[in-house]
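Reader: Could you walk me through this one, starting with the side-chain contacts and then moving on to how the helices sit?

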Amino acid sequence: MYKRQIEDGLQVGPMRVIYFHQHFSTPKGMVGIRSYEMARRLVARGHQVTMVCGSYGGGQTGLDVPFSKGRRQGTVDGIDIIEFDLAYSNTDGFIKRTTTFFSFALRSIRLAMTEEYDLVFATTTPLTAGIPGIFARWLRGKAFVFEVRDLWPELPKAMGVITNPVVLGMMSVLEWLSYRSAHRLIGLSPGIVEGIERLGVPAHLVEMVPNGCDLDIFASDSEPWRPERVKADDLLAVFAGTHGVANGLDAVLNAAAELKKRGRDDIKLLLVGQGKLKPVLQQRAFRKGLDNVVFHEPVNKARLAGLMASADLGLQVLANVPAFYYGTSPNKFFDYIAAGLPVLNNYPGWLAGMIADNQCGFAVEPDSPTAFADALERAADDRESLRAMGERGRALAVREFERHKLADRFVDWLEGAKS
């Protein structure tokens, strides 16, 4: 029988973990795979995991059997999966998103109140993901660990996405109740950890486990490829992620316009992904004649690894919102350094500091097309220095953010909550 020694000298046997993540995906999908990797590590350490999720646009749960009575289930890579027939896309409007979030929460509560398990784990977004954990903690006395990927309602309020004071107040109550109900919490960035502690959660109950680097995907041999419009000797800078309000991708188009003025047609900016603002960005690029911007549909992790093997630079771009500076842990940054790509970051904060400290890219001031374009020109004109930046980024990935190391820390933290 599996047992593992934990820090306080107690031992934790195999646990049955029910894991709530509405936007779960395996590597076959085109979105982040943190929950997949964490669940796999729990399984490797002898625990049983039931993943509860919805149907996320761009995601792939690995299940292909038909839905029956609003759900389907099966086992994928050792993870038992229950997928609700609740389709969600980041292009959905506010009302549809809200309806989907609460529908998932209600169905999850039913499972939390009826399934047999030892520990419930829930991860945002959305914030409503914590609701089944609250019920499990107070009505069934179960161990509950809550993972916070974004600070809500702080981020939507700062972005102006949600302005209704009643809605913001309700979200604040849910945030406080989720944090105070959990036996332990996980934050993905320094700012998230600080935000949790500001609400009165003792520091010893909060652990930072940032997003990680999938070296087995991005550091392995992949077949390089580029879109047809990108020449072999062009500098290729890639953004791979959601095209939404938070991402601030107008900054990329502004830099592209500046590069056009300078006649730098040898620098191509590739935007890979989908999102609510993608059509708007495409229309603007067409109107302005920005043929140095290339749009591409989302690709899965294996295909993305091949693209990054051919790229020269990764673009870590966000809207200039102070809440983002220390309150995010973007998947794409960790994918870039795992692939050995230097990173161009356009907002202050912990990632900008990490890039500067490790000399693995460019940290430019926000809202400055000139600074953005200057960095791209420096990258294009000194490929040798650029490669050295990428090597330092890869070393950082191996040293501090290797996925399996972080997944072990994650499992240790969950086992401690059960003990």
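**Charges, rings and helices**

Author: The charged end of Lys142 is placed over the ring of Tyr117, at 5.2 Å from the ring centre. A charge counts as sitting over a ring if NZ of Lys or CZ of Arg is within 6 Å of the ring centre and within 35 degrees of the ring normal. Please keep in mind that this is a predicted model, in which local features need pLDDT of at least 70 and side-chain atom pairs count only at pLDDT 80 or more, while totals for chains, interfaces and linings use all residues. Residues are numbered from 1 along each chain as its sequence is written, and side-chain values use heavy atoms, with hydrogens and water left out.

Reader: OK, and which residue lies over the face of Trp225?

Author: That is Arg303, at 3.9 Å from the ring centre of Trp225.

Reader: How many aromatic pairs does the structure hold?

Author: There are nine aromatic pairs, where rings of Phe, Tyr and Trp (its six-membered ring) pair if their centres lie within 6.5 Å, and planes under 30 degrees apart count as stacked, over 60 as edge-to-face and the rest as tilted. Phe84 and Phe104 have ring centres 5.8 Å apart and planes at 70°, so this pair is edge-to-face. Because Phe84 belongs to strand β6 (residues 79-88) and Phe104 to helix α2 (residues 94-114), the pair ties together parts that are 20 residues apart in sequence. Helices (H or I, at least four residues) and strands (E, at least two) are DSSP runs, numbered from the N terminus.

Reader: Are Phe84 and Phe104 buried or exposed?

Author: Both Phe84 and Phe104 are buried, and the cut-offs are under 20% relative accessible area for buried, over 50% for exposed and partly exposed in between (1.4 Å probe, protein chains only). A separate point on aromatics is that Tyr19, Phe121 and Phe410 form one cluster.

Reader: Switching topic, why is helix α10 called largely enclosed?

Author: Seven of the ten residues of α10 (residues 301-310) are buried, so the rest of the structure largely encloses this helix. The buried residues are Lys301, Leu304, Ala305, Gly306, Leu307, Met308 and Ser310.

Reader: What covers those buried residues of α10?

Author: The cover includes α7 (215-218), β11 (235-240), β12 (267-272) and α12 (331-338). At the start of α10, a side-chain oxygen of Asn300 comes within 3.3 Å of the backbone nitrogen of Ala302. For such polar contacts, a pair of N or O atoms must be within 3.5 Å; within protein, one must be able to donate a hydrogen and the other to accept it, and residues adjacent in sequence count only if both atoms are side-chain atoms.

Reader: How do the axes of α8 and α9 cross?

Author: The axes of helix α8 (residues 250-261) and helix α9 (residues 278-287) come within 11 Å and cross at roughly 10°. That makes α8 roughly parallel to α9. The residues in contact (heavy atoms within 4.5 Å) are Asp250, Leu253 and Asn254 of α8, with Leu281, Arg284 and Ala285 of α9. Axes here are lines fitted to C-alpha atoms, for helices over the stretch in contact, and angles run from 0 to 180 degrees between N-to-C directions. Angles under 35 degrees count as roughly parallel, over 145 as roughly antiparallel, 65 to 115 as roughly perpendicular and the rest as oblique.

Reader: Back to arginines, what does Arg137 touch?

Author: Arg137, found in helix α3 (residues 131-140), is in contact with Lys142, Phe144, Arg180, Ser181, Ala182 and His183, leaving aside neighbours within four places in sequence. A polar atom of the Arg137 side chain lies 2.5 Å from the backbone oxygen of Ser181.

Reader: What about Arg72, buried or exposed?

Author: Arg72 counts as buried, at 16% relative accessibility. This residue is in strand β5 (residues 71-76), and a polar atom of its side chain lies 2.9 Å from the backbone oxygen of Val65.

Reader: Last one, where is His23 placed?

Author: His23 is in the loop between β3 (16-20) and α1 (34-44), and is buried, with a relative accessible area of 9%. Not counting residues up to four places away in sequence, His23 touches Tyr56, Tyr88, Phe101, Thr125 and Pro126.
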